[in-house]
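Have a look at the picture first, then read on.

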Amino acid sequence: GGGSLMTPLLLLFGFPPHIAVGTDLLYAAITKAGGVTMHQRQSTIHWQVVLLLGAGSIPASIVTVWVLHKYFPDGSAYGPLLTVSLGFMLITTALVILFRSRLQQAPETSPEDHNWAMRNAAPLTFFMGIALGVMVTLTSVGAGAIGTAILLILYPRLPSIHVVGTDLAHAVPLTLVAGLGHVALGNVDWALLAALLVGSLPAIVVGTWVGTRLPNRLLQPLLASILFGLGMKYAFF
């Protein structure tokens, strides 16, 4: 929910697209960092996969920032690009949430029967990293839900907690690099960032209390419906 909910909410509150995306990227990098530390202590991060994703995503993020700087005069000029890209990424995220349970079902096959994607997991991970680097830099969405979906497809036998830890370990440097790129572009509202960080502390407590009391079959369709509606709004209207 860091990017997929926060960025569209900031837009609804009237913040320009480039400010919403840039500020949320730094917010995500800061708030996700603690989770990486916890997963590292539990040895649930596969660093080889993180490096493969990062080898594609980090350079792609830097190039994307350079293109925005080189070919657009200011943030308002590429605002429509960010908004439309955000819409499509929200729709994709909603679909991933709805079908996540199917993605988590590891195939009951022997190693020699693995599908093409599993046999070519390493190069596909690199190229998926490139796609994530571009889209996360443009929208701040995708490092979490879509990154997780990619890992579930390419590494179906990886335990769920390892998928989460590995995706989180990749999301932190990606959102940090993309966020710093937006800092260079002047797209970060520091007062807004501080307010988000302060507000998130009590919200974590409330969210944990509520989340443990709501069934997953209610939370997933609700979240997916919200994201799909917001995605349609920004992609087509």
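## Helices and cores

Helix 2 is followed by serine 43, which has a positive phi, near 55 degrees. Keep in mind that this is a predicted model. Helix 2 itself has a kink of about 30 degrees, centred on lysine 32. Just after helix 9 there's another positive phi, this time at glycine 186, about 80 degrees.

| Helix | Residues | End-to-end C-alpha distance | Expected span |
|---|---|---|---|
| Helix 2 | 17-41 (25 residues) | 37 Å | 36 Å |

What does the whole chain's secondary structure come to? Eleven helices and zero strands.

Now for the inside. Buried residues make up 45% of the 237 residues. The largest nonpolar core has 45 residues, and Leu90, Leu154 and Tyr155 have the most contacts inside it. Helix 4 (residues 79-98) gives this core its largest share, six residues. Apart from its neighbours within four places in sequence, tyrosine 155 touches Val49, Leu52, Ala121, Ala122 and Thr125. There's also a second, separate core of six residues, with Ile45, Val50, Ala169 and Val172 among them. In soluble globular proteins, nonpolar side chains tend to be buried together.

And the overall shape? A compact globule of 237 residues would have a radius of gyration near 18 Å, and the chain has 18 Å, so the two agree. Along its principal axes, the C-alpha trace spans about 55 × 45 × 40 Å. Of the contacts between residues at least 6 apart in sequence, 85% join residues at least 24 apart.

Terms used:
Residues are numbered from 1 along each chain as its sequence is written. This is a predicted model: local features need pLDDT of at least 70, side-chain atom pairs count only at pLDDT 80 or more; totals for chains, interfaces and linings use all residues. Side-chain values use heavy atoms; hydrogens and water are left out. Helices (H or I, at least four residues) and strands (E, at least two) are DSSP runs, numbered from the N terminus. The expected span of a helix is 1.5 Å times one less than its number of residues. The bend at a residue is the angle between axes fitted to the seven residues ending there and the seven starting there. A nonpolar core is a set of buried Ala, Val, Leu, Ile, Met, Phe, Trp, Tyr and Cys residues joined through side-chain atoms within 4.5 Å. Buried means under 20% relative accessible area, exposed over 50%, partly exposed in between (1.4 Å probe, protein chains only). Contact means heavy atoms within 4.5 Å. The radius of gyration is taken over C-alpha atoms; the globule rule is 2.2 Å times the number of residues to the power 0.38.
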